[in-house]
Amino acid sequence: MTDIGTEELAHLEMVGAIVRQLTRGLSAEQLEEAGFAPYYVDHTAGIWPQAAGGIPFNACEFQSKGDAITDLFEDMAAEQKARTTYDNILRLVKDPEVCDPIRFLRQREIVHFQRFGEGLRMVQDELDSNNFYMCNPDFDPGCPK
């Protein structure tokens with residue numbers, strides 16, 4: 001599953017490239033008219049990953065509890081949230097140079113969701129199916145593996 005993490009970083013790079021293509025050549029006045037003045041003041045036209053609400057991308061976005069079931073559900077939720085974001089972008093944007101890579105990224109989120117789901121099934125199959133939520137087999141002595 002580490003290949004998915006590497007691919008996700010490439011997704012971030014692709015989105016950054018799209019943003020750069022869309023903002024290249026804009027004047028400060030055009031950026032201000034589009035509502036990007038606060039961003040421009042801090043970053044000019046540089047790419048600074050952040051949520052639409054302005055919260056910068058940071059390590060807090062990576063949730064990990066050290067429990068395989070919990071972490072896989074978190075991974076699956078993250079893939080679905082990304083897919084929803086791409087769906088929303090596709091509803092708003094009609095430029096094929098933006099839509100085509102976003103469609104590609106959306107499809108990858110679906111594949112990742114499926115792979116994490118397969119991983120979850122494998123983990124659950126290895127545990128005692130009657131009580132796989134009762135303990136963490138990596139840390140709790142006597143927990144069935």
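Before the details, some ground rules: it's a predicted model, so local features need pLDDT of at least 70, side-chain atom pairs count only at pLDDT 80 or more, and totals for chains, interfaces and linings use all residues. Residues are numbered from 1 along each chain as its sequence is written, and side-chain values use heavy atoms, with hydrogens and water left out.

Okay, how many salt bridges turn up in a search of the whole structure? Five. By salt bridge I mean a side-chain nitrogen of Lys or Arg within 4 Å of a carboxyl oxygen of Asp or Glu.

Let's start with Asp-87. Arg-83 bridges to Asp-87, with the closest N and O atoms 2.5 Å apart. Those two sit four residues apart in helix H4 (residues 68-92), so about one helical turn separates them. Helices here are DSSP runs of H or I, at least four residues, numbered from the N terminus.

Asp-87 also pairs with Arg-106, at 2.3 Å, N to O. That pair joins distant parts of the chain, 19 residues apart: Asp-87 in H4 and Arg-106 in helix H5 (residues 96-126). Put together, Arg-83, Asp-87 and Arg-106 make a salt-bridge network.

Is Asp-87 buried or exposed? Buried, at 14% relative accessibility. The cut-offs are under 20% relative accessible area for buried, over 50% for exposed, and partly exposed in between (1.4 Å probe, protein chains only). Arg-106 is partly exposed at 25%.

Arg-103 is partly exposed at 45%, and Asp-100 is partly exposed at 47%.
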